[in-house]
Amino acid sequence: MTLEAAAIRLLVRNWRGRYTVPAGGLYPHQWSWDSAFIAIGWRHLSARRAQQELESLFSAQWSDGRLPQIVFDPSRDDDYSPGAAFWRSAELPGSPPVPTAGLVQPPNHAWAALLVHRADPRESRRRGFLERAYPALVAWHTYLRDRRTDASGLAHVVHPWESGMDNSPFWDEPLSAVPEAGLDRVPRPDLEHAAATDRPSDTEYRKYLHLAAAYRDAGVADDGSEQFRVHDPAVNALWARSELALGEIAGELGERADHDERAQRIADALERLWHPGLGCYVARDARTGRLQEHRTVSGLVPLILSGVPRAPELLETLRGPSFRLGTSVLVPSADVQAPTFDTSRYWRGPSWFNTAWLMVEALERHGAEHEARSLARDVITHAEASGFAEYLHPFTAAARGTRAFSWTAALALDLHH
Ligand code: 9YW
């Protein structure tokens, strides 16, 4: 079977009528930033499905504008923890009519919506896609600005899950003061679908559950009581990139708005996360002001912005001994030379396909065409060879996490086109 046929088969199998699950066993609901990446693949097969994927998420938008991390399929509530029964979103103010998590994920949606529109502008106009998407996306960005942004101009995450890079070394220090949920046994349905050595530890899970429960119990109010508030470079870079996309969408619709200025302000604010000694951006604990001194792939993501003033240093870091572009498999999620490096455990070293896709975009943007093409080829080869794995051993390319992972197929398909 060709890559294209195999990727299509997987996406069709993971499609649930209005959205695509990230993986049938491990992740049986709709995830926010996954859907944006998945729509970027679907647009080559069916503009309509790509639009529906995003619209399904918009229909779960909260009245304050937040797009939830997860929209639950109640029939699969025992298969993933924490699920709908944990969040009890119907009891929370401003929640939508469908059960969702109260947290959010990185704002890559406006960027995806623009790419989906461009794949088939006629079908998009016929369905009035941008007219409906634009207000939802503006409300989402307004939520980030009004509820998540402090004087720094950067949006903070209130939980590691909100970064999409759940157990990144960035969170080690901010999590160190967080208590562990007092449970006899941590529910881990995930371990039925992936090796324990590929997943976060029980100790991390106890802290994740404590933070999520505290946020829920405070009515997801963003009232400053959160014990975890961190500025993440990738979240903010994706926000800026999506703000630029919103500007283009507004242009399509003949609306006048100041999206480009907003994007520039976020990009300027990113400078607070620059770590000259490490040659990359880092996370910053918004409660203590401390920079988290780790090289991770998140710190390279600002390269998706054309005007990023640190491009030369970032490219050097991407090519240097920490990430070894061209020698390691795709782009490792964390510095391969750091003491925290782990070849299997999730976001502490393994290579992921969504971040490789972002780096292809980044390399193209900064004139490194040859490296961009070669990384794109590697994404396609490894996606297929690994059975569309969730992530890979960064030196051997052995499959890690779950298989038949939707964004791996969708983004490989996108680079194939
Ligand atoms: C989990 C769904 C999600 C992604 C995240 C990834 C993982 C959930 O899966 O988190 O339970 O581990 O870290 O980025 O959205 O694919």
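**Loops, sheets and helix packing**

Analyst: P82 sits in the loop between strand 2 and helix 4 (84-87). This is a predicted model.

User: What is the peptide bond from S81 to P82, cis or trans?

Analyst: The bond from S81 to P82 is cis, and its omega is near -5 degrees. For background, most peptide bonds are trans, and most residues other than glycine have a negative phi.

User: Which residue other than glycine has phi near 40 degrees?

Analyst: That is V220, where phi is positive. V220 belongs to the loop between helix 9 (202-217) and strand 4.

User: Is V220 buried or exposed?

Analyst: Buried: the relative accessibility of V220 is 1%, and the cut-off for buried is under 20%.

User: And what about phi of L330?

Analyst: L330 is not a glycine either, and its phi is positive at about 50 degrees. L330 lies in the loop between helix 12 (311-319) and strand 8. With 1% relative accessibility, L330 counts as buried.

User: Switching to Q69. Where does it lie?

Analyst: Q69 is in the loop that runs between helix 3 (47-58) and strand 2 (70-71). Its relative accessible area is 3%, so Q69 is buried.

User: What is Q69 in contact with, leaving aside neighbours within four places in sequence?

Analyst: Q69 touches Q30, W31 and S32, then A101, L103, V104 and Q105, and also W161.

User: How many bridges pair strand 4 and strand 7?

Analyst: Strand 4 (residues 230-231) pairs with strand 7 over 2 bridges, in the antiparallel sense. Within that pair, H231 is opposite R284 of strand 7.

User: Now helix packing. At what angle do helix 1 and helix 15 cross?

Analyst: Helix 1 (residues 3-14) and helix 15 (residues 406-416) cross at roughly 140 degrees, and their axes come within 9 Å. The two helices are therefore oblique to each other, since angles count as roughly antiparallel when over 145. The crossing is left-handed.

User: Which residues meet there?

Analyst: From helix 1, L3, E4, A7, L10, L11 and N14 meet S406, A409, A410, A412, L413 and H416 of helix 15. By class, the contact has 8 nonpolar, 3 polar and 1 charged residues.

User: How do helix 14 and helix 15 pack?

Analyst: Helix 14 (residues 369-385) packs on helix 15 at about 135 degrees, with the axes 9 Å apart. That makes helix 14 oblique to helix 15, and this crossing is left-handed.

User: What residues make up that contact?

Analyst: A376, V379, I380 and A383 of helix 14 meet T408, A412, L415 and H416 of helix 15. The contact divides into 6 nonpolar and 2 polar residues, with no charged ones.

Note on methods
Residues numbered from 1 in each chain as written. Predicted model: local features only at pLDDT ≥ 70, side-chain atom pairs only at ≥ 80, totals over all residues. Heavy atoms only, no water. Axes fitted to C-alpha atoms, helices over the stretch in contact; angles between N-to-C directions. Helix = DSSP H or I, 4+ residues; strand = E, 2+ residues; numbered from the N terminus. Parallel < 35°, antiparallel > 145°, perpendicular 65-115°, else oblique. Left-handed = near helix turned anticlockwise from the far one by under 90°. Contact = heavy atoms within 4.5 Å. Nonpolar A, V, L, I, M, F, W, Y, C, P; charged D, E, K, R; others polar. Buried < 20%, exposed > 50% of the residue type's maximum accessible area, 1.4 Å probe, protein only. Pairing = 2+ DSSP bridges.
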